Structures are given as structure tokens and as C-alpha cells.
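I opened this notebook to record what I looked up in one structure.

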Amino acid sequence: MRSEDTAVLDDPVGESLRGHHADLARRVGRAATYLPDVATFSAVSPAADSTDWADLARLLGRGEFADMFSCRATPPPDWEPVFVLEGRQMIWPGSDRSGQTRTASDAEVVELGAADAPEMLDLAARTQPGPFWPRTHTLGTYLGIRDNGRLVAMAGERLRPPGWTEISAVCTAPEARGRGHAARLVSAVAARILARNERPFLHVAEANTAAIALYERLGFESRTHVTFRGFRTP
């Protein structure tokens with residue numbers, strides 16, 4: 001795999017906001033963030049200067065949360081740290097689609113939309129797969145599995161740097177775990193991404209060894225260590 005193929009993954013939020021998700025972005029100068037009901041992720045240049053951080057502070061407002069995701073730039077000292085989480089970025093190793101076709105046509109896997117948003121929010125609140133807001137589902141396609149009509153598992157698309165799509169919000173209700181739902185949904189989402197000649201990638205907390213093992217079994221490979229950070233603006 002050529003190094004330039006993965007370079008955009010060093011700044012997945014910024015690349016998404018400048019490209020595929022530009023219509024979901026707010027901007028001041030070179031700083032950008034998602035619409036607040038879509039996602040909290042913000043972006044500045046990896047070589048951000050004081051003007052860029054001031055622009056982001058103006059964009060977000062005083063004392064507001066700045067979710068910098070895996071941005072490597074360091075904000076000024078008057079930005080209050082909120083959290084630090086160690087993780088890793090994993091990628092699909094090539095364009096081969098073998099092993100994906102069967103799960104992509106799984107009859108129990110259904111596409112979710114705006115009408116399903118309340119259930120998606122409820123499932124995310126119960127399982128905590130990561131940030132999920134009222135319009136997070138507009139970032140891409142989300143798939144789910146229902147049990148007696150109730151949504152018990154889902155996974156979908158989030159960041160969209162050029163040539164890539166992130167798989168995210170992978171979660172299963174406690175009462176439905178152990179049935180292989182996560183593997184089926186991740187495989188189904190990956191199949192859709194590959195079908196449009198893009199490549200899947202994802203992020204996972206380093207401490208979530210069970211999820212890492214699952215993704216490795218499905219064929220994902222670790223690309224790099226990442227540190228997720230959040231701050232509060234001055």
C-alpha cells in the first residue's frame with residue numbers, strides 16, 4: 001500500500017470537513033467543526049498557530065467543549081483539558097472484497113434512517129459506543145439488527161476522508177450480546193464501503209481488547225496509535 005493512500009488518515013476530521021462533509025461543517029478561518037447536532041469533532045491544521053486556535057474558540061464559543069479527536073496540534077495553555085483516551089486506528093488492508101458478499105446480503109441486517117433516530121440514540125445511550133447525537137446518522141449509512149421489532153445492534157459510517165470511510169457506533173444491547181451481531185454489522189458496512197471503491201477504517205480504544213480482537217478476526221490491521229483529546233475553550 002502506498003504511503004500517500006493513508007496520509008489523509010492522519011487528519012480524518014479535517015479531511016472530512018473539507019471534503020465529503022463540507023455541507024455539515026461550520027467554519028471560521030482555517031478552523032472547522034461539525035454542526036452541533038451531528039458531531040462534536042473539531043479540526044485545526046496540525047501546524048495550527050495562535051490565530052487558528054482563536055478562530056476555533058470563536059467558532060465554538062466561550063467555555064465550550066472542543067473535541068479534537070486525534071488532532072496532533074496542541075492548544076494554548078488556557079484551554080482546559082477535559083479528557084485523554086489512548087486508542088488505535090485500524091484499516092482494511094487492501095481492496096480485496098472477499099468474504100464480504102455474504103454478510104452484505106444478510107436478511108436480518110436492515111438500513112436505518114431518520115425515522116429510527118430515537119431508537120439509535122437510545123441504543124447508543126445504553127451501550128456508550130462513542131459520541132452519538134440526534135443527527136449523527138446523517139454522516140453516512142447506518143445498519144441495524146432488530147429482535148422482535150426492537151433495535152438491538154447497529155453500526156454505521158462516520159468520518160469520510162478522501163477514499164476512505166470510518167466504521168463507527170458499533171454497539172449491541174446487553175441482552176443481545178454473544179450472537180455475532182457486531183461482526184455481521186461491521187462486515188456489512190465494510191462491504192458497502194468496498195462496493196463504492198473506498199476502504200474501511202475505524203478507531204478503537206486501546207483498552208478495548210475484545211473489540212480489537214474482533215476487528216482483527218474480520219481482517220482489519222492496526223495502522224497507528226492515536227490519542228483522543230478534548231478541551232474546553234477559554
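The entries below concern a pocket, an arginine and a threonine.

I worked on a predicted model, in which local features need pLDDT of at least 70, side-chain atom pairs count only at pLDDT 80 or more, and totals for chains, interfaces and linings use all residues. Residues are numbered from 1 along each chain as its sequence is written, and side-chain values use heavy atoms, with hydrogens and water left out.

**Largest pocket**

I looked up the volume of the largest pocket and found about 1,000 Å³. A pocket is an open set of points on a 1 Å grid over the protein atoms alone, where a 1.4 Å probe fits, with protein on both sides within 12 Å along at least five of seven lines; lining residues have an atom within 4 Å of a point. I noted 39 lining residues, with Gln128, Pro129, Gly130, Val170 and Asn208 nearest the centre. Strand E9 contributes the most to this lining, six residues. I recorded the classes of the lining as 24 nonpolar, ten polar and five charged residues, with Gly counted as polar.

**Arg199**

I located Arg199 in strand E10, residues 199-205; strands are DSSP runs of at least two residues. The side chain of Arg199 does reach the backbone oxygen of Trp92 at 2.6 Å, and one of its polar atoms lies 3.4 Å from the backbone oxygen of Pro93.

**Thr33**

I found Thr33 in strand E2, residues 31-34. Thr33 counts as buried because its relative accessible area is 2%.

Definitions and conventions. Helices (H or I, at least four residues) and strands (E, at least two) are DSSP runs, numbered from the N terminus. A polar contact is a pair of N or O atoms within 3.5 Å; within protein, one must be able to donate a hydrogen and the other to accept it, and residues adjacent in sequence count only if both atoms are side-chain atoms. Grid points are joined across faces, edges and corners, and a volume is the space filled by probe spheres set on the points. Buried means under 20% relative accessible area, exposed over 50%, partly exposed in between (1.4 Å probe, protein chains only).
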